[in-house]
Amino acid sequence: MRPLTAIGFDADDTLWQNEQYYRLTEEHFAGLLGDYAEGEQISERLLTAEKRNLEHYGFGIKGFTLSMIETAIEITEGKVPAKTISEILNIGRELLRHPVETLPHAEETLRALNGDYLLVLITKGDLFDQERKLAQSGLGDLFDVIEIVSDKSATTYRRIFSKVADGPDRAMMVGNSLKSDIVPAIAAGSYGVFVPHALTWVVEHVEPPTDAPRFRQIEHLGQLRDVLTDITGE
């Protein structure tokens, strides 16, 4: 029996750029409220709202837009002009239309592994937005299974890899978030390959599980095949 038969991939900031568009939108948002508070204070209040709202709105642009509106109301003590609310909605819609820029080595790596492993896209966020980005990326046909989930936990990985593959112990998860992609996948019994991105949302930061036997870290996706060779001997 092969020790590894399935590989899961995160999408945002693993296969294509994502966080940079949120950062640009946040800068625009801070500019809209510049008469009421300093940029750093606005960002702190926005992050607090986002954390508070995750359990209500989940991950994604729609929840981010609602958190911006809520923050604007709080910072202005309910005096935010309707025009500003309209502009916040506009920059939220623009975020939903941002172009898809695949990251280096993403397509070539998926093509090299396609057919040798069961490839599973496991991403969280807004369903429509993730489907849009996947379609525009041109990578959709390289995956055997696509799973868009509300959150990622050890239970999520056990469920997916048991349903579509040979179980979590013969699977690997690859992603840029230690908190969402790596730590819970390892807890489920899978390998976890961390691919750091220059921009990662602070909510996704945790310490790397360097003592875990199934933890690996690479600089970019082009190095993934070396990891696979080391694990499988193939």
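Predicted model: local features only at pLDDT ≥ 70, side-chain atom pairs only at ≥ 80, totals over all residues.

**Helix α8**
- Helix α8 covers residues 178–187, and seven of its 10 residues are buried, so the rest of the structure largely encloses it.
- Those buried residues are Leu178, Ser180, Asp181, Ile182, Pro184, Ala185 and Ile186.
- They pack against β2, α7 (154–164), β4, β5 and β6 (215–217).

**The nonpolar cores**
- The largest nonpolar core has 28 residues, and Ile7, Phe9, Leu15, Met172, Val174 and Leu224 touch the most other members.
- Two or more residues each come from β1 (6–9), α5 (106–113), β2 (118–124), β4 (171–175), β5 (191–194) and α9 (224–232).
- The top contributor to this core is α9, with four residues.
- Setting aside neighbours within four places in sequence, Ile7 is in contact with Leu113, Tyr117, Leu118, Leu119, Val120, Met172, Val174 and Leu228.
- There's also a second, separate core of 20 residues, with Tyr22, Ile61, Ala72 and Leu95 among them.

**Helices α1 and α4**
- The axes of α1 (residues 19–32) and α4 (residues 82–96) come within 10 Å and cross at roughly 170°.
- Angles over 145 degrees count as roughly antiparallel, so that's how α1 and α4 run relative to each other.
- On the α1 side, the contact uses Tyr21, Tyr22, Thr25, His28, Phe29 and Leu32, while α4 brings Thr84, Glu87, Ile88, Ile91 and Leu95.
- Sorted by type, the residues of this contact are seven nonpolar, three polar and one charged.

Note on methods. Residues numbered from 1 in each chain as written. Heavy atoms only, no water. Core = buried A, V, L, I, M, F, W, Y, C linked by side-chain atoms within 4.5 Å. Buried < 20%, exposed > 50% of the residue type's maximum accessible area, 1.4 Å probe, protein only. Contact = heavy atoms within 4.5 Å. Axes fitted to C-alpha atoms, helices over the stretch in contact; angles between N-to-C directions. Parallel < 35°, antiparallel > 145°, perpendicular 65-115°, else oblique. Nonpolar A, V, L, I, M, F, W, Y, C, P; charged D, E, K, R; others polar.
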